[in-house]
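Hello,

Here is the structure you are taking over. My notes on what was found follow below it.

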Amino acid sequence: MVKRTYGKTEIASSSENTKRMNSDEMPYLPEAVIFNILIMIPAHFLGSMRLVCKLWADLIKQPFFALLHHQHARPGLFVQNKQFPYSARFLEPSRDGEFGVTYLAPRYPGLMFSSVKGLSLLSDPCNKLIYAINPFTMQGVKVHQPVICPSRDHSSCGLVYKNGVYTLVWGFQDAELAAHFCVLRLGIDDDWRKIETTIPYYGIYMQTHPISIGGGFLCWAMARHRETVIMDTNDESFHILRIPRGRTTPLAFLKKGEYLCTVTENLAVYLIHILKDVRRRKWIRYHRFDFARTREFMFTAYLKFIGWTSDEQELTMLACKANDTLTCLAYNIKTRKIRCVDGYMNSGENVQVHANTLISSSYG
Amino acid sequence: MASTDDKVILKSSEGECFEVDMAVASHLQIVKSVLEDCEGSSDKVVSLFIVEAKYVAMIIEYYKNYVELKEKHEEGGFEEKLKEFEKQFLEQIDKKELKGLVMAVNYLNAPALFDVVCTAIAKHIENKSVEYVREYFGIVNDFTAEEEAQIREEHRWAYDGVNDD
């Protein structure tokens, strides 16, 4: 037996011809390997992968594939013009983290206001409709707003994903400013079901759409009250949580991974808090971001936070400059560096964090 | 470092032998289970019947660095350093060889490297034409013209953003 310790030179010397696993003679990779390769491919390339052969088309068609594929999808920014929402551009991060642009023009019926696990909510207020669709495959359903809801003002809608079911939750305020809620499970219920619980007059702030976090919770931000209303969709109970005190009220409520996060500011120092445990009402101070120390600070009038991208490590935001131009920036909490994602945004644009997937509302 | 007891010999399909530290070899689930099965025996040679020497060498290089980096960066920073190394590691592998490597890694059941290679292949084929992908994997088109047209119609979202490669 020839004993050899491994060394780099041997890679070159080992090209003998007695190969049993020669790559040129190997017709097919095992199905499991193909599956694992395909789930790594971004959604918009999967269309052409379906044309390769029947096996690949079948693999990609499985709901199980969509679910696993979603776990590898990298959230990007979905940008629509508020006046003309029919088309959109999608800023999608590549593996190296650089954002590339894809233009999408399938005639979107409204503005995206929420995106949960690949499924998005688009609002069409004129026709009293909400679309729960996958904006990439355009598969999905349209839902009428609850009949009992008096108007689109002071109402909001959220989406929760749990155990294979997407649930829509509609909240609205009546003339006495008490808050009411309706739920509709996509693909299961035909109509909205009103929840008995109401939140009596509280000055609740129903104009912002709720944020969906892990465990089936939906959070309505009430920045003015320094509180958040959290709905536990498992037992349809409501909880009012105080949010951590900063010098100012929170500038933003965002979803970070499975958690709710708030951003407060004091003299260009931004504090990020995370709600670690809803039931124990436990917040932690997560990060301190000194914007004044960055190069961008000099030119920026104010920041508007969008959400977390790049494995939840980058906080993306719009920086409005003194001359009224908007730049999309991303701040990396690990490297503490800030970079420009898009220099040409305009104030008439609506930006949502969204991940392109093949998931549809009927998958469970 | 480790004594000879902590070494194991991996034998490629050509019969070439590689002496490897146990710490490295234990990342290969198949080697680990073989060694556990014949515990107590002095003969620590594992034959990897279907794996070519060049792939054995690559896999050992990867896990050798993996183990070293993990030791060096116990307090943190391991993931970043590993990513850096992975990039460098993949650069020196021919695109055609990735297929053979993924087969070998799949056979040896080495999860960390499996993900790395699958991602590399995905990255390589994702913006290529259907014809290129078929040729790369040696796949024969088994669609009839009608079936193909139907899939194209079903998936209008599959727009053409293809590189000529």
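Around the buried residues of helix 4 of chain B, the covering elements include helix 3, helix 5 (95-108) and helix 6 (111-125) of chain B. Please keep in mind that this is a predicted model.

Helix 4 of chain B spans residues 78-91, which makes 14 residues. From first C-alpha to last it reaches 20 Å, close to the 20 Å expected at 1.5 Å a residue. Its buried residues are F78(B), L82(B), F85(B), E86(B), F89(B) and L90(B). These cover an arc of only 130° around the axis, so they sit on the same side of helix 4 of chain B. The face turned away from that buried side carries K83(B), E84(B), K87(B), Q88(B) and E91(B), which are exposed.

Next, the division of chain B. It has a domain 1 (4-126) and a domain 2 (129-165). Taken over C-alpha atoms, the centres of these two domains of chain B are 33 Å apart. In the contact between them, domain 1 of chain B takes part with seven residues and domain 2 of chain B with four residues.

As for the nonpolar cores, the largest has 98 residues. L38(A), W56(A) and F137(B) have the most contacts inside it. Helix 3 of chain B (residues 53-72) gives the most to this core, namely twelve residues. Both domain 1 (4-126) and domain 2 (129-165) of chain B give residues to this core, so it lies between them. Another core, of 20 residues, lies apart from it, and L254(A), F289(A), W308(A) and Y331(A) are among its members.

Last, an annotation. An unreviewed UniProt entry places the feature "domain: F-box" at residues 29-63 of chain A. In the model, that span is 69% helix and 0% strand. The end C-alpha atoms of residues 29-63 of chain A lie 22 Å apart.

Regards

Methods. Residues numbered from 1 in each chain as written. Chains lettered and ligands numbered in written order. Predicted model: local features only at pLDDT ≥ 70, side-chain atom pairs only at ≥ 80, totals over all residues. Heavy atoms only, no water. UniProt positions renumbered as here; feature names shortened; annotations may be inferred. Helix = DSSP H or I, 4+ residues; strand = E, 2+ residues; numbered from the N terminus. Core = buried A, V, L, I, M, F, W, Y, C linked by side-chain atoms within 4.5 Å. Buried < 20%, exposed > 50% of the residue type's maximum accessible area, 1.4 Å probe, protein only. Domains from an automatic or database assignment. Expected span 1.5 Å × (residues − 1). Arc of directions from axis to C-beta. Contact = heavy atoms within 4.5 Å.
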